[in-house]
Amino acid sequence: MSSALPATIEGSAALSAGDPSTTATERTRAAVSAGDPSIPRMMRTVRTIAALREALLPARHSGRTIGLVPTMGSLHEGHLSLVAAARVACDVVVVSLFVNPRQFDDAADLAAYPRDEARDEGLAAGGGADLVFAPDAAELYPAGFATTVGVRGVAEPLEGAHRSAAHFDGVATVVTKLLNAAGPDLAYFGAKDAQQVAVVRRLVADLAIPVRIETVPTAREPDGLALSSRNARLAPDDRARAPALHAGLTAAQAAVDEGEREPAAVAAAGRAAMAGLDVEPEYLELVDPATFAPVAALHGEVLAVVAATVGGVRLIDNRTLTLDGRSS
Ligand code: AMP
């Protein structure tokens with residue numbers, strides 16, 4: 001995928017607002033590039049909540065819209081599609097980079113999570129971000145931190161059950177903190193993590209957080225594999241099998257297109273397609289996209305969700321099924 005990354009990484013990384021070596025011409029060029037994500041913009045990195053709020057104060061006071069893209073770094077084109085969506089809709093785009101220890105079930109997975117802040121800053125700038133928020137763990141979870149935001153219901157099945165309850169508690173806690181820190185008008189999340197989106201929508205509604213949650217479609221490799229920071233860990237043989245998740249979802253839609261209306265049979269068609277590629281799903285189920293409860297019948301919006309571990313790398317994917325041949 002690296003060939004498709006913006007060619008402006010090096011130059012944009014140098015255009016830091018705090019860098020006295022930037023010339024007036026560079027600053028002007030950055031300022032006029034506001035609508036064009038192919039041109040690097042002035043971008044600053046802040047590390048504290050106080051600095052983030054201070055940096056956003058002028059925009060907030062002048063009524064400009066602020067968009068937040070929460071990420072754990074290791075940016076790829078999926079993340080950049082969120083930044084691009086925010087760039088189009090918002091006056092100020094903030095990208096957060098924080099590998100959130102509280103949402104990892106496994107210490108080894110946390111330790112292995114790729115980190116390269118300089119690269120991420122360059123990609124964020126090239127993608128159109130105005131501000132990167134890159135706190136350390138002590139900034140978000142200072143000594144004495146004792147609060148957990150726990151969403152029940154939608155957070156409990158599937159990812160909540162197969163990973164651990166602590167996973168979505170960690171997600172809900174950090175998202176709440178990031179939303180409180182940045183106070184964005186809009187926040188952007190990827191459809192790839194569909195249950196995460198449902199959890200975030202639930203907590204935002206329940207806690208009356210004044211933000212609009214936007215969902216951006218899943219960015220994929222040409223063979224259908226959903227982009228993920230974890231894909232880099234796939235050995236070549238496993239990378240060849242990894243499109244099985246997408247194939248399973250495609251087969252589920254094909255079964256619907258052929259007239260199958262029994263959810264269990266549709267899911268079975270998906271599992272069979274995966275087995276053909278030698279991948280056994282942890283789950284492949286048809287659920288209500290708002291509650292993640294299993295559907296008893298195929299009508300309205302139905303989400304097919306799948307998780308599988310391929311060569312030791314846990315992957316997830318999903319697809320909206322439709323009954324009239326149009327699916328997403
Ligand atoms: P992460 O850094 O994995 O926590 O992801 C940060 C955000 O990017 C989340 O909202 C993800 O859902 C989103 N994201 C990750 N992969 C993709 C993808 N392939 N397409 C679209 N969004 C994605």
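**Ground rules.** I count residues from 1 along each chain, as its sequence is written. Because the model is predicted, local features need pLDDT of at least 70 and side-chain atom pairs count only at pLDDT 80 or more, while totals for chains, interfaces and linings use all residues. Helices (H or I, at least four residues) and strands (E, at least two) are DSSP runs, numbered from the N terminus.

**Strand β3.** I began with β3, residues 92-97. Six of its six residues are buried, so the rest of the structure largely encloses this strand. Buried means that 20 or more other C-beta atoms, placed from the backbone, lie within 10 Å of the residue's own. I then checked the two faces. Val92, Val94 and Ser96 lie on one side, and Val93, Val95 and Leu97 on the other. In a regular strand, side chains alternate between the two faces of the sheet.

**Neighbours of β3.** Which strands pair with β3? Pairing takes at least two DSSP bridges between two strands. β2 (residues 66-71) runs parallel to β3 and is joined to it by six bridges. Here Val69 stands opposite Val95. β4 (residues 131-133) also runs parallel to β3, with three bridges. There I found Ser96 opposite Phe133.

**The crossover.** I traced β2, α4 and β3 as a right-handed β-α-β unit. Right-handed means that, with the strands pointing away from the viewer, the path from the first strand over the helix to the second runs clockwise.

**The ligand.** I looked up the shell next. It holds 17 residues, and the closest are Met72, Gly78, Gly190, Asp193 and Leu227. The largest share, four residues, comes from α4.

**Helix α9.** Is α9 largely enclosed or open? I found 13 of its 18 residues buried, so the rest of the structure largely encloses this helix. α9 covers residues 165-182 and reaches 26 Å from its first C-alpha to its last, close to the 26 Å expected at 1.5 Å a residue. The expected span is 1.5 Å times one less than the number of residues. Gly183 follows α9, with a positive phi near 55°.

**Helix α3.** Where does α3 bend? The bend is at Ala55, by about 30°, and Pro58 follows within four residues. I note that a bend is the angle between axes fitted to the seven residues ending at a residue and the seven starting there. After α3 comes Gly63, whose phi is positive, near 75°.

Definitions and conventions
Near = placed C-beta within 6 Å. Buried ≥ 20, exposed ≤ 12 C-beta atoms within 10 Å, placed from the backbone.
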